[in-house]
Amino acid sequence: MRVVGKPLPKVDAAAKVTGRALYADDIALPRTLHCKILRSPHPHARILSIDTAAAKRIPGVLAVITGLDLPIKFGILPVTQDERALEHEKVRYVGDPIAAVAATEEEIAAAACDAIEVEYEVLEPVMSIEAALQTPKDERIQDYGGPNNVHKLVALEFGDVEGGFSRADHVREDVFFFQGNTHLPMEQHSAIATYVDGKVTLWSSTQVVHYVHRALSKVLELPMHRIRVIGAAHGGGFGGKTDPFAHEIIVSKLAMITGRPVKCTLTREEVFYAHRGRHPVLMWVRTGVTRDGRITAMHFRSALDGGAYGSYGVASTFYTGALQTVTYDIPAYRFEGCRVFTNKPPCGPKRGHGTPQPRFALELHLEKIAHDIGLDPVELKRRNFVQPNTRTVNWLRVTSCGLEECTDRVINASRFHDRERRPGHGMGFAISSYLSGAGTAIYWNDMPHSEVQIKVDRGGVTAYCGAMEIGQGSDSVLATIVAEELGLQPSDIRLVTADTDTTPIDLGSYSSRVTFMAGNAALEAARKMRALLVEAVEASGRRIDDVTFEEASMLAEARFGTLTTAGSYTPPKIAGPYKGSGVGPSPAYSYSACVVDVDADARTGLIRVNKVWIAHDVGRAINPLLVEGQVEGSVYMGLGEALMEEQAFRKGLHKWPSMLEYKSPTFLDMPEIETFIVETIDPEGPYGAKEAGQGPLLPVPPAVCAAVHDALGVWIDEIPVTPEKVVEAVRRKEKGEPARYGPQRFPPIPYPPTIKVEPPPKDAAITAI
Amino acid sequence: MRDVERVVLILDVNGEARQLLVPSHKTLLEVLREDMQLTGTKHGCELGECGTCTVLIDGKPQLSCLLLPIQLEGRAITTIEGMANGSDLHPLQVAFAELGAAQCGYCTPGILLAARSLLEENPRPTRDEIREALAGNLCRCTGYTKILQAVELAAERLR
């Protein structure tokens, strides 16, 4: 291959290094008005009255709106349409939007928000999983779900779990907690809307123009063809810009009212409250193994602190139980999941969506089992590795799988089994897997998940696709695939992306889906275009390799007229035959293995990460430079989560809603990362490619905890591993108490009767069901 | 019209002297972006915490969200728009593009300027010296590795 596999610069690199790229807040249209949003100061309160009269009288204020102007509810999932762009009946977290102002200047808009009078009846806030499970002192946060403040309950069993436990030689139970954390994109969310000729146009820093498009259509009561959503240059998402947001709807409505462009850029504090980040998850896991370390059965329970709204939460809940089986061959598996509502900013998808928490629990739990039965943890895990071309007990289809090779790479490079033994030094190992795109859409439909059109004229090539470049290299992947097929360079391909008027659908940049899905659509469109060029050139009596691309394109245009082709991608129908089987299936899974080397100080509790070795099975690296970038960025984010990042609340308020106080790793905190790209050439990925943007985060937190145990002999069963927790665990160890820091118990949860699902037959086809 | 004190200023930005009439309380970040359309300077917090809005003042990195233009008359202000020489990119910009040191690109202008200041002062920085010089700039995409490599590559080419 000519360009696939080459470490070429990103196609948007020049725009990014010159400051030329226009992010949403950089867009300045004539007569733009500035929007500010009044947000709730209370975590839980009924709104008795909203008086906007004084605000409306302020010179420079052109419009003030409340929930009465935008009463229709929306939400990312069809089953949880529970949000309003502005709440006029009740607020459910500090930061819930109540009213919005459009004014000639930002400061006037802020002053007008201050002049709005809201009368509240303050309600008792529900601030923890335990509290949400109890009878509420006041009314429930949401009027659906239940009992109490429970949002969602799941109970599934695959295979004979009791039989599996009875066959085990050793059974162990553990409880773990993964604290919530947030995406912290460098760019604050921003959106600017116009209303011209009865049509709304919105530029936004979103990861998914299509979902914003749908929400706008619903709430504004405009048909989709009268709304255009354009993804501006994007300053980082990590899942945090995947929901449709209130400010996107608000600026559109204010543009409709005022007839002028309206812009809203969130402050950093507002970004912390907008959130949709990592759920805090409490987990209980029980596993049976044989004497030689083979898993016989597993029972996994999760309780997710969802915050005040649904967001992606139903999917997040299923994800905490779905992918355990994709790395380990678990013959019998039971999963019970629960998501509760609390009076905090809603949680949603963050890099790894619902799977880093159970991955942390699972890896550490198996590490402990290995210690129990006197087996090397690497060996115990290896003995249970899932095999390629199999179906898991919960019906997930595994095709290419590079777990063995990933493990070999990091174990050998780190000299894990010959590691230096000195006080306070340790190494930890963990593995993981992630989806290459969710196999089912957010809302049920039979249409393709991605579509690409290609236009060629007079030697110029333009590719159109709804996919959204968020820094991960989505544009570069599209350009590389089209260039490969047409014999050009990626920089030769003009791209039009993420614009609901001019590009065909793509479901956006989440669930690590772009390379696999948009990539396959681009491949199909490009191959069709190449066929047209070949046919025209051969009809002229020459061969495609003997003419320039420009000549070929002119011969083809002369022969066929306008040269356009299209490709689309629909994932195979591979979900299992049970309710809830839509979360977990993916056309392919990536695999990662990681070793972390630490020095841990028993006196101060400080952990210094010396080095991380990470191997990632990406199927094929369409651009190894970008794959490395995704892997390194994932390791970085995993270390931040493992050691310091925390979205925590006190009396309804975020404890540290600023970039200084919310600790994230700096240049000085980051260790050396040695990355190994493993290529298993997936049978269905474009050129064999799978995902790279999320999976490599997952093994990092458990590998850190395993390394801390290796260094100090204490288990930190709670993320983040802060110095206080390490010191406390060491103190307990020295006093002869269990050498552990972590949650003591898993609360009683009113799970529904378990739905028993027959596992797939042993010889189950790995093709579509 | 609100009663806001406005001042006439002459600012030297990227070698061009520009006369401006701006509210005296506006930060350099706001004046660059809103009054001069130099939107290459980004903002992440507007509280001096993230380094995103870094510009050079007389060649030294400073946070434009914490500076008032009235302090800066007669000082040389350099933004990302002043980094390339015409159409020729600065070696740091080239290296960042080549090595994938810019992903979403939002922190990139600030980091490029801070790195340029470092290399002008210290043409042979060690990796730890680069880390120290850039420690005030947060990046959420890259894990910093490719940025460090790109600064080293540019330093080599500049020597």
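Me: Which residues in helix 15 of chain A meet helix 16 of chain A, and which residues do they meet there?

Reply: In this predicted model, Leu532(A), Leu533(A), Ala536(A), Val537(A) and Ala539(A) of helix 15 meet Ala552(A), Ser553(A), Leu555(A), Ala556(A), Arg559(A) and Phe560(A) of helix 16. Contact requires C-beta atoms, placed from the backbone, to lie within 7 Å. Helices (H or I, at least four residues) and strands (E, at least two) are DSSP runs, numbered from the N terminus. By class, the contact has nine nonpolar, one polar and one charged residues. Nonpolar covers Ala, Val, Leu, Ile, Met, Phe, Trp, Tyr, Cys and Pro; charged covers Asp, Glu, Lys and Arg; the others, Gly among them, are polar.

Me: What is the relative direction of helix 15 and helix 16 of chain A, and why?

Reply: The axes of helix 15 (residues 514-539) and helix 16 (residues 549-560) of chain A come within 8 Å and cross at roughly 85 degrees. Axes are lines fitted to C-alpha atoms, for helices over the stretch in contact, with angles from 0 to 180 degrees between N-to-C directions. Angles under 35 degrees count as roughly parallel, over 145 as roughly antiparallel, 65 to 115 as roughly perpendicular and the rest as oblique. The two helices are therefore roughly perpendicular to each other.

Me: Why is chain A called as compact as a globular protein of its length?

Reply: Chain A has 19 helices and 31 strands. Its radius of gyration is 26 Å, close to the 27 Å that the globule rule gives for 769 residues, so chain A is as compact as a globular protein of that length. The radius is taken over C-alpha atoms, and the rule is 2.2 Å times the number of residues to the power 0.38. Along its principal axes the C-alpha trace spans about 80 × 75 × 50 Å.

Me: Which domains does the assignment give for chain A?

Reply: Domain 1 (24-123 + 186-236 + 241-274), domain 2 (281-440 + 577-755) and domain 3 (447-569). The bounds come from an automatic or database domain assignment. The C-alpha centres of domain 1 and domain 3 are 37 Å apart, and 13 residues of domain 1 are in contact with 14 residues of domain 3. Helix 6 (209-220) and strand 11 (227-231) each give two or more residues to the domain 1 side.

Me: What makes up the contact between chain A and chain B?

Reply: Chain A gives 40 residues and chain B 37 residues. Helix 17 (624-643) of chain A is one of the elements that supply at least two residues to the chain A side, and its seven residues are the largest share. That side divides into 21 nonpolar, twelve polar and seven charged residues.

Me: What conventions apply to the numbering and to confidence?

Reply: Residues are numbered from 1 along each chain as its sequence is written, with chains lettered from A and ligands numbered from 1 in the order in which they are written. Local features need pLDDT of at least 70, side-chain atom pairs count only at pLDDT 80 or more, and totals for chains, interfaces and linings use all residues.

Methods: Two residues are in contact if their C-beta atoms, placed from the backbone, lie within 7 Å.
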